Amino acid sequence: MTRRPPTGRAPAPGAPGPGGFTARARPWAGGTVLALDGELDLDSVGALHTALDAALAAPLTVIVLDCAGLEFCDSTGLNAMLRAHARAAAEGSRLELARPRPLVLRMLELTGAVEVFVLRDAPPE
């Protein structure tokens, strides 16, 4: 797979970014579900930042990252999730993860981040 250099711009929320990464938002009674698809890395993390900023604009909310479609996540993606988790906590909100694939779950376990996040078997309806 050929990697493109970062453009410095985040794609519009829900639009495919580098590596086909998308972060599609949908509301639920407690906040926002962000369905993550594709590869989350240095080239695509801007799309996650954009989606998280929009979701965190609502006060006292719960954001659930649905990771079922997340094929890959590097340390840049993990760092973005951890920073968003800390920001959410500081603002009285929560960030949770749903359905992480084995590769993503293993990364969370190896880094100790699995202790930080609430893990869900499924995203809320």
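From the N terminus on, the elements of this protein follow the order β-β-α-β-α-β-α-β. That amounts to three helices and five strands. The model is a predicted one. Of the 125 residues in the protein, 45% are buried. Among contacts with a separation of 6 or more, 65% are between residues 24 or more positions apart.

The five strands form an open sheet with the order 1-2-3-4-5 and mixed pairing. Strand 1 (22–28) and strand 5 (118–120) are the edge strands, each pairing on one side only. From one strand to the next, the twist averages 25°.

Strand 3 and strand 4 run parallel and are joined by five bridges. Within this pairing, Leu65 has Leu97 of strand 4 as its bridge partner. Strand 4 (residues 94–98) also runs parallel to strand 5, to which three bridges join it. On that side, Leu97 stands opposite Leu119 in strand 5, and Ala98 has Arg120 as its bridge partner. Strand 4 is mostly covered, with four of its five residues buried.

Helix 1 (residues 45–56) lies across strand 1, strand 2 (31–40), strand 3 (62–73) and strand 4. Relative to strand 2, helix 1 runs at about 180°.

In soluble globular proteins, nonpolar side chains tend to be buried together. Here, the largest nonpolar core has 29 residues. Leu36, Leu65, Leu70 and Met81 have the most contacts inside this core. At least two of its residues come from each of strand 2, helix 1, strand 3, helix 2 (75–90), strand 4 and helix 3 (102–111). Helix 1 supplies the largest share, seven residues. Apart from this core lies another, of five residues, which include Trp28, Val33, Val62 and Val64.

With neighbours within four places in sequence left aside, Met81 is in contact with Leu40, Leu48, Leu65, Leu70, Cys73, Leu95, Leu97 and Phe117. Leu65 and Leu97, both on this contact list, are also bridge partners in the sheet.

**The two sides of helix 3**

Val104, Met107 and Leu108 are the buried residues named in helix 3. They are on the same side of helix 3 because they cover an arc of only 100° around the axis. An α-helix has 3.6 residues a turn, so residues three or four places apart point the same way. Strand 3, helix 2, strand 4 and strand 5 are among the elements that cover the buried residues of helix 3. On the other side of helix 3, Pro102, Leu103 and Leu110 are exposed. Just after helix 3, Gly112 has a positive phi of about 85°.

**Loop residues**

Most residues other than glycine have a negative phi. Leu60 lies in the loop between helix 1 and strand 3, while Arg99 is in the loop between strand 4 and helix 3.

The loop between helix 1 and strand 3 also holds Ala58. The C-alpha atom of Ala58 is separated by 8.0 Å from that of Gly31, although the two residues are 27 residues apart along the chain.

| Residue | Relative accessible area | Class |
|---|---|---|
| Ala58 | 35% | partly exposed |
| Leu60 | 67% | exposed |
| Arg99 | 36% | partly exposed |

Exposed means over 50% relative accessible area, so Leu60, at 67%, counts as exposed. Arg99, at 36%, counts as partly exposed, and Ala58, at 35%, is likewise partly exposed.

How values were computed: Residues numbered from 1 in each chain as written. Predicted model: local features only at pLDDT ≥ 70, side-chain atom pairs only at ≥ 80, totals over all residues. Heavy atoms only, no water. Pairing = 2+ DSSP bridges. Axes fitted to C-alpha atoms, helices over the stretch in contact; angles between N-to-C directions. Contact = heavy atoms within 4.5 Å. Core = buried A, V, L, I, M, F, W, Y, C linked by side-chain atoms within 4.5 Å. Buried < 20%, exposed > 50% of the residue type's maximum accessible area, 1.4 Å probe, protein only. Arc of directions from axis to C-beta.
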